[in-house]
Amino acid sequence: MNSLFKHYRFLIMRRIVQVGVMLLYVGGNYWGWDFIIQGNLSSSLLLNTVPLSDPYAALQMFAAGAVITTNLIIGALIITVFYGLVGGRVFCSWVCPVNIITDAANYLREKVGFNEIQKKQPASRNLRYWILGLSLILSYILGVTAFEFISPISITHRAIIFGLGLGWAAMLIIFLFDLFILKNGWCGHLCPLGGFYSVAGKLSLIRVDHNEENCTNCMKCKVVCPESQVLFMVNKESIQVLDGECTNCGRCIEVCDDDALNFSIRKLAKEKK
Amino acid sequence: MVSERRKFILGTARATGLVALGGLVWSAYVDEVTANKLILRPPGAIKEEDFLATCIKCGMCVEACPFDTLVLAKPGSNKPLGTPYFEPRDIPCYMCPDIPCVPVCPTGALDEPSVTTNGELDINKSTMGVAIVDDKNCIAFWGIQCDACYRACPLLDEAIFLKYEKNERTGKHAFLMPVVNSDICTGCGLCERACVTKDPAIIVLPREVALGSVGDFYVKGWDKEDEKRLVNAKEIKTTTKLSEKSAMDSLNDVGDLY
């Protein structure tokens with residue numbers, strides 16, 4: 001039992017945080033908890049005072065030529081600084097509700113053995129940066145926040161907080177896409193918000209650290225990692241995972257039986273040789 | 001031998017092609033959903049094209065609305081996804097004096113100054129839409145006394161007033177016909193909600209859909225304010241070159257008419 005918790009401790013905590021955040025928003029909308037938080041992941045007001053805003057949405061608004069309010073800038077800055085410190089894609093693995101869907105697809109894909117059949121993924125993980133760029137160009141040309149009009153992330157959290165509509169279809173499509181078409185397809189290849197946070201978290205303080213001496217090369221970490229390219233150093237070099245695409249989900253840490261991976265504070269360049 | 005350079009060029013070309021294809025589908029979809037002009041926005045909403053760029057779709061106006069009037073567009077509703085709107089026949093805007101939906105907007109898509117008079121919020125200044133009467137299907141225009149919309153209007157006798165006219169058919173009754181003053185109507189939709197006909201004979205439409213615009217060429221000579229527009233007006237002289245053809249030609253040469 002203890003080892004079960006040890007092997008899933010971050011996953012359990014992540015699910016608690018993800019569900020908890022959604023619950024607070026739902027409470028803010030339906031049960032009068034708006035003194036805690038109101039709004040949704042696009043923009044919200046914490047404790048009736050602190051504005052929080054999606055910096056990527058703010059960027060699209062800027063590209064679309066909208067007048068940007070001070071509140072929005074403050075909100076976007078708070079979020080950018082926060083994720084800039086704890087790890088950009090901490091949003092993806094600890095907050096974003098789509099993560100639950102894609103993790104479920106990934107779990108099933110592994111269980112059913114699709115990964116055995118489809119060993120090599122036929123798409124580039126850099127697609128998300130192209131989509132990120134494209135979304136800003138389209139926002140500029142069309143004069144609307146282009147990604148916000150199709151974002152399955154927003155569709156999902158709005159569906160949870162404000163009511164479903166046909167939102168379930170978007171969730172189902174992402175699930176099926178990740179299950180049948182592309183491993184880690186949405187979160188690991190396409191999502192421009194993930195791309196944005198990869199860039200925003202490039203210099204984050206919390207990073208996974210690899211200790212090569214302890215590593216037995218069992219590769220459990222690489223199997224479980226949704227962005228396995230960031231673990232290139234495993235069993236090779238004792239360095240930190242500095243790639244912004246690492247989501248700090250902690251899966252690699254909890255599956256490691258040899259204490260070869262752990263969360264750490266980023267080492268400053270001077271300390272390295 | 002495949003050189004790295006050729007691989008790189010092909011890779012970039014493929015990515016560019018994919019992005020172009022994606023961009024086409026993406027922009028077509030966005031164009032499609034934003035083309036819907038028949039959508040009523042919350043009070044204080046800025047111009048629709050600016051609104052689409054500025055609204056961050058956080059739903060705080062929806063949460064603030066005590067009557068559940070406002071909803072966020074869901075997938076399948078064929079409206080710009082996630083933006084707030086209302087449908088008056090379901091739930092109209094009850095025009096709260098403190099306008100809770102507007103000050104909460106974090107992006108200014110709902111503009112507080114536009115619904116403020118002398119530093120105080122003034123819902124009567126809002127322009128969500130304008131009510132339009134379908135006089136063929138309004139029973140008051142048939143001569144039946146109704147005045148449901150007139151009574152429902154929060155700006156009673158101002159935004160909707162009754163026009164009296166003799167009913168020549170009966171010879172002894174009067175028509176009490178509702179007429180909307182579009183300068184005052186806020187588009188709250190309480191009239192549309194109250195209308196007794198099967199489908200409402202008075203409906204609220206976005207102002208840019210329902211109202212015309214005169215342009216700068218006409219000046220109300222009887223209106224002192226409007227006439228001031230002429231104070232700095234300059235004379236514009238247009239000279240049209242005289243046709244070199246003779247007048248006879250222009251009368252007889254009718255070939256161009258076909």
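This is a predicted model: local features need pLDDT of at least 70, side-chain atom pairs count only at pLDDT 80 or more; totals for chains, interfaces and linings use all residues.

Trainee: Okay, and which helix gives the largest share of the side of domain 1 of chain A that touches domain 2 of chain A?
Mentor: Domain 1 of chain A brings 21 residues to the contact, and domain 2 of chain A brings 15. On the domain 1 side, the helices that each supply at least two residues are H1 (2-30), H4 (90-95), H10 (185-190) and H11 (192-200) of chain A. With seven residues, the largest share belongs to H1(A).

Trainee: How many residues on that side of domain 1 of chain A are charged?
Mentor: Let's sort the side of domain 1 of chain A that touches domain 2 of chain A by residue type. Eight are nonpolar and eight are polar. The charged ones number five.

Trainee: Now the whole chain: what radius of gyration does chain A have, and why does it agree with a compact globule?
Mentor: The C-alpha trace of chain A spans about 55 × 45 × 40 Å along its principal axes. A compact globule of 273 residues would have a radius of gyration near 19 Å, so chain A agrees with that, at 19 Å.

Trainee: What percentage of chain A counts as buried?
Mentor: To count as buried, a residue needs 20 or more other C-beta atoms within 10 Å of its own. Among the 273 residues of chain A, the buried share is 45%.

Methods: Residues are numbered from 1 along each chain as its sequence is written. Chains are lettered from A and ligands numbered from 1 in the order in which they are written. Two residues are in contact if their C-beta atoms, placed from the backbone, lie within 7 Å. Helices (H or I, at least four residues) and strands (E, at least two) are DSSP runs, numbered from the N terminus. Ala, Val, Leu, Ile, Met, Phe, Trp, Tyr, Cys and Pro count as nonpolar, Asp, Glu, Lys and Arg as charged, and the others, Gly among them, as polar. The radius of gyration is taken over C-alpha atoms; the globule rule is 2.2 Å times the number of residues to the power 0.38. A residue is buried if 20 or more other C-beta atoms lie within 10 Å of its own, exposed if 12 or fewer, and partly exposed in between; C-beta atoms are placed from the backbone.
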